[in-house]
Structure formats: C-alpha cells, structure tokens
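Subject: Structure handover

Hello,

Here is the structure I promised to pass on. Please open it before you read my notes.

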Amino acid sequence: MDKTALLKRAEEYLQNEKDEAFASEVREIIAKGDDKELEDRFYRDLEFGTGGLRGVIGGGFNRMNTLVVTRATQGLADYLTEQFPTKQLSACIAYDSRRRSRDFAYATACVFAANGIKAYVFPTVHPTPTLSFAIRQLKADTGVVVTASHNPPIYNGYKAYWNDGSQVVPPHDQGIIDKVAVVKVPKLMDEQEAKEKGLLVILGTELDDAYVRMVKSHLFRPELIKETSSAAKIVYTPLHGTGAALFERIMGELGLQVKTVPEQREPNGEFPTVSYPNPEEPAALKLAIELGKKEKADVVMATDPDADRLGIAVPDKNGDFVLVTGNQLGALHLDYILLSLEELKKMPPRPACIKSIVTTDLQVAIAKKHGVECVECLTGFKWIADMMRCFEKEGKTFVYGTEESYGHLIETEVRDKDGISAAALTAEMTLYWRSQGKSLLDRLEDLYREFGFYEEKGLNKYFEGPTGMEIMSGIMQGYRENQPKAFGGVPVISIRDIKTGFSWNADGSDKTKLDLPESDVLQWRLADGTLVTVRPSGTEPKIKYYILSRTEVKNGDLENARKASSSKIEAIMADIKKVLG
C-alpha cells in the first residue's frame, strides 16, 4: 500500500476516533514521517476473526483501540438485531486487568445501549468464566469479554459470546464478521444517558454468589475437604489478573488454607513481576514456587490474567516443585472424575468427555477403561462448547472437557474453560490422593504404568508484520505439496488435512471424509503411534506444532520409557526446525 493510500486511511481513522489518546498517537506518527509505523498501523484492519479481536493497543485500524472496539460491537449489534428482530435484546460485558480494558468494556456497553440492547456490566475486573456463567443466568443474547488472556501487556482483545454462554461458532461467527466488515461509524450513547434509560446496568454481587455455589456443587467429597483441609496448604498466584477474589473466597469457604503471592495478587495490566503472564511458562510461576517451598505447600496454583486457564506445580519426594502440564492435569482430572463417579455410584447415562485434536491420547485410554466415550474437536474451547450442544441433542452426558493449553471445564453451567472451578477440583483431588497415601505425581506415574508413557511437546514460531501471514501460509502450502515421509526417522503412516476435510494413508489409499469443521490444520500419524500436528494460531501471529507421543513402559520401568520418549521427540523437533529455518 503506497503512502498516499495509508495517509487516506489514517485520515479516515482520525475523523472517527473519539478517544484523543489514540488519535494523538496517529497524528504524532504522521508528523514524524514514520512511514514504517504508519504502514504497520494501517496496511490492514485488525481482523475480527472467529474468536473476536486481539492485537497491540494503539491508534490505527490495525490496533486495539476505542474505534476498532466500537465498530466491532456495532457489527455484533447489527447481527443480533437481524437474528432477533422482535426481541428486547440484552448483553453481558466483563473485562480484565489489562491496559484500557475497562474503557473498552464501557465503550462496548454504550454501543449496545445506542442500539437499544440492554448491557449488563460487571462492576470490577472479573474472570472470563463468570461472563459465560452470567450470560446463561441472565438469559442474555450475547456477551463480550475484554481480555487478551495471557498475552504480553501491549496486547488487548475482545471475545464475543452467543446466548448459551459459548464463544460464537458457525454460522454466527461469519455472520458477525460480515457485519463488522461494513461498519464505518458506530452508534454511540453517552454513558450517563444509557444508565438513566436503564440500558446500562452495573451488576451486583448476586452473580458472584451464584457462581461460588455452582463451583462448590461440582465437588465430589466435601466431607473429605472438611476433615483434611486444615492440614493442607495451597499457594496461589493470579498473575496480576482477575482470579484472586473468587479463588480465595471459594477456597476459604471450603476451609482450605491459601497463601496468595503478595507481589502478584492485585490486578495490574503491566504484569510487573513477569515477562509473560502465562501459567504455561515456568518463569511465570517462579515467585509462587518460591513461596510454595517456604510454606511447604501441597500444591502451587496459577491462573492466567482472565482466570480461564489453570497451571499447577506439585512437590516431588525431594521437596522440589515439578510443573504439571495441561495434558497431565487434564488426564488427572478425568481419571479422578471418572473413578469418583464410579465409587460414588453417580455415573450418569451415556457419559462422554471432550478433548481437542492436539490433546493427549492418554485421556482416550482413561475414558475407555471406564466405558466413557471420548470425543475429539478442533482446537479452541468454543468447539468443546459446540460439542456440548451436540451432547444435549443426542442425550449424552458431559463429564469433562479439556485442551492441552491449560483449559479445563468441569461444569455445564459455564461454556468456556474455567480456571477457578478447575482449581477447586484440583484441591479436592490433591486431598483425595493424599488420603490414599499418594501425591498427584504418584498418581500420574500409576497412569503411565497402566496405559504407557505419554509425553507431549510444543514448538511455536512467531511471524510478525505484514509478511507474517504470507510466510505461515507458505509453510502450510509447502507441507501440502510435499507431504513428509517421516519425522525423526519414524515413517508417516497416515495424514489428516482438516482444511481439505480428508484423511488418507501415506500410500494414498483409504481416503476418508472427516467429521470436523474446516480448519487450517495438518496432522501426521507415525508408525509408532506418535501424532504430529501443525497449525497457524487463530489468535497470534505464530505457527504452532504439537508432538503427542506414547512409549511403552516395560516392566514398570518409567525411567527408560522417559529416555526413549525424549530421544524420539528431539529427533522429530529437529526435522520441524529444518522447515522453520
């Protein structure tokens, strides 16, 4: 795009941006003659994708700012009005601790109000799962949470939800995208006017109370918690996010001792003590683990800034804390849930669990042992929620949903991942296995000896800037045109291309139509059962690889199985890195 076109787009932006902070940024860039920065901010519109918006905060059409947020909300309002032309519509809005989150949330509410849609806004920063819960409780027609989850401080985002509390899926996602694309000037109502007209309502504490009751209702052994809680210690960090108030309240009402990392307890969108507020990153749990060692904690827990993800670390026999991966915690949860349902004679009719296509196959083995169906879906929790809708139509009973990126769902009252309820279950699970003389690590090793040693590794590479998407597209196209014969010396036996919607054997035989929505994902099954997956991220400018391996445990020798698995994964990653350069 030449400079004249860029300046024309910048002028359009300046005419419509009501937030002077963002507008002045753009004027300063133009005055400086910073052509590179001007291009980055205006070469495209920040895409309203199937998950909403996510981008760097700043002025310009390719940034997160008030104009971009309000145009997105206008498109969402237009779509809702078209879908429900005779209904009095309502929306729920939540926001996290990030820069400008509250401002974006209220700007969203004012657009809804201007379109005659009643907006319920949480009074303070709140976890994403409470937004999903509120939509269902209030029977709202949509919802928005302003969050960029675990991204660095320069990012913010906007996720749109449907009337069942789940993120939007087809056909609604594309319908909203189409409406957003044609919005130029959003309707706006003054905040005070919206309140006076009853179109902007600040929520009270009743929803928090209901959410707390709901989380506690899904525990299996409250009497065990009551009997043993005084001897158990939990160290927790919300990573400067939204989780502390509800986490501490629930654990306190259960009688559990919680020590929250003081430096990370208060909401702070700068995330001053971590470089990356993601519980998947070992560095993010550094302060929590230090406090865990000092307090001799039974478990260290961390939620990400919007508290929809949970990460944990547990002490080994030497007192050193070991990070538990999302795949491992999901397997432990499923194992505990299913054995509890059996022990307590509460196994429901037609029980089924859900995992993403890049989540460990250990869950399949655990489910099979208990006679429970394990269903796969695409990556992204909206697809787990979509499968839950299918279960309701088919008469199946949802018992658990998870994805490898630290997302877990215990309950049906929420239709998104829930780090708070997952933490409550994890606390109970820790106490249960301790009552059996075991730690969570001991139980995980039991599962490995029974089903085989499962190990999962990921590899990501970022491609920023105008050419990033083109580079990632080229990588995917290269694989499709020249399918790999092997990874790490292990032959490929079958291929699954979810973009084309087919799977087939490496020799070209047995081509089969997939029962999955289209997505730019390639998977290769290797001769030893290992699964290698590649996909561009849907929320960040990066390409993601997943390696899911299983190694037989001979004569209970986990150490040798670990060594064999590590060597295999290392060789596979070396082949992947050749493609990435």
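Below are my notes, from the whole protein down to single residues.

This is a predicted model, in which local features need pLDDT of at least 70 and side-chain atom pairs count only at pLDDT 80 or more, while totals for chains, interfaces and linings use all residues. Residues are numbered from 1 along each chain as its sequence is written, and side-chain values use heavy atoms, with hydrogens and water left out.

**Overall**

The protein has 19 helices and 23 strands. These are DSSP runs, numbered from the N terminus: H or I with at least four residues for helices, E with at least two for strands. The C-alpha trace spans about 70 × 60 × 50 Å along its principal axes.

Of the 581 residues, 58% are buried. Buried means under 20% relative accessible area, exposed over 50%, and partly exposed in between, with a 1.4 Å probe and protein chains only. Among contacts with a separation of 6 or more, 69% join residues 24 or more positions apart. Contact means heavy atoms within 4.5 Å.

**An enclosed helix**

Helix α6 covers residues 128-138. Eight of its eleven residues are buried, so α6 is largely enclosed by the rest of the structure. The buried ones include Thr 128, Leu 131, Phe 133 and Ile 135. They pack against strands β2 (90-95), β4 (142-146) and β5 (155-161), and against helices α9 (206-217) and α11 (244-253). Lys 139 follows α6 and has a positive phi, near 55 degrees.

**Two helix pairs**

Two packed helices are described by the angle between their axes and the distance between the axes. Axes are lines fitted to C-alpha atoms, for helices over the stretch in contact, and angles run from 0 to 180 degrees between N-to-C directions.

Take α11 and α16 to begin with. Their axes come within 10 Å and cross at roughly 30 degrees. The two are therefore roughly parallel. Angles under 35 degrees count as roughly parallel, over 145 as roughly antiparallel, 65 to 115 as roughly perpendicular and the rest as oblique. Phe 247, Ile 250 and Met 251 of α11 meet Ile 420, Ala 423, Ala 424 and Ala 427 of α16. By class, that contact has seven nonpolar, no polar and no charged residues.

Now α2 (residues 20-32) and α3 (residues 35-42). Their axes come within 8 Å and cross at roughly 140 degrees. The pair is therefore oblique. The crossing is left-handed. Glu 25, Val 26, Ile 29 and Ile 30 of α2 meet Glu 37, Leu 38, Arg 41 and Phe 42 of α3. Here the classes are five nonpolar, no polar and three charged.

**Two buried residues**

Ile 420 lies in α16 (residues 419-435). Its relative accessible area is 1%, so Ile 420 is buried. Beyond four places in sequence, Ile 420 touches Tyr 211, Gly 243, Phe 247, Ile 250 and Ala 307.

Arg 443 sits in α17 (residues 440-451). At 11% relative accessibility, Arg 443 also counts as buried. Leaving aside neighbours within four places, its contacts are Leu 332, Asp 335, Leu 339, Trp 433 and Lys 438.

Best wishes

Methods:
Left-handed = near helix turned anticlockwise from the far one by under 90°. Nonpolar A, V, L, I, M, F, W, Y, C, P; charged D, E, K, R; others polar.
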